[in-house]
Amino acid sequence: MYDNTALFSGQPYKPACSDFVSNVSTSHFSWSELSVNLVHSYGSLIGVFSSGLLGPGGIDAVRDAYGEPLTLNSTYRDPQHNHDVGSTALNSQHMHGTAADIHTPPATWQAVHDSATHVPGATVLNGTQDPSCASKCLHVDWR
């Protein structure tokens, strides 16, 4: 887990080897849940996860605000995987390890959205801002 406080200084993002992890968890999400969409690299699953996403005001705070278990569709994506899933964001928050897409069937989308918007520091995109999610998931990041 890395500290992303200087992440958006206008410089291209280049993670260091030490930024990658192969086993992290939070109070509500196991490694297998956080690594849901990671591709195998060098024989193991590795990813970049920011302190914003995993920290006290991160994805656990969204789960706490919602009050029920949540399923993650996507977290860290390497640039190739980000391209393969159809993202056109050249500076995708997923590639920085600061974003999660939460699975939200249409019946629960609004409730999860409303809960996430109450988490300080969380940026919540709706379906028109993130068409890849639309009404099937909710994009939340900690920029």
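Biologist: With which residue's side chain does the side chain of Ser-92 make a polar contact?

Modeller: This is a predicted model: local features need pLDDT of at least 70, side-chain atom pairs count only at pLDDT 80 or more, and totals for chains, interfaces and linings use all residues. Residues are numbered from 1 along each chain as its sequence is written, and side-chain values use heavy atoms, leaving out hydrogens and water. A polar contact is a pair of N or O atoms within 3.5 Å; within protein, one must be able to donate a hydrogen and the other to accept it, and residues adjacent in sequence count only if both atoms are side-chain atoms. At 3.4 Å, the partner of Ser-92 is Asn-82.

Biologist: Is Ser-92 buried or exposed?

Modeller: Ser-92 is in the loop between helix H4 (79-84) and helix H5 (93-96); helices (H or I, at least four residues) and strands (E, at least two) are DSSP runs, numbered from the N terminus. Buried means under 20% relative accessible area, exposed over 50%, partly exposed in between (1.4 Å probe, protein chains only). Because its relative accessibility is 5%, Ser-92 counts as buried.

Biologist: Which residues of helix H6 are buried, and what arc do they cover around the axis?

Modeller: In H6 (residues 109-117), the buried residues are Trp-109, Val-112, His-113, Ser-115 and Ala-116. They lie on the same side of H6, because the arc, taken from the directions from the helix axis to the C-beta atoms, is only 165°.

Biologist: Which strands stand at the edges of the sheet?

Modeller: The open sheet has four strands in the order S5-S6-S8-S7, with antiparallel pairing; two strands pair if DSSP finds at least two bridges between them. Each edge strand has a single partner strand, so one side of each is left without a neighbour in the sheet: these are S5 (72-74) and S7.
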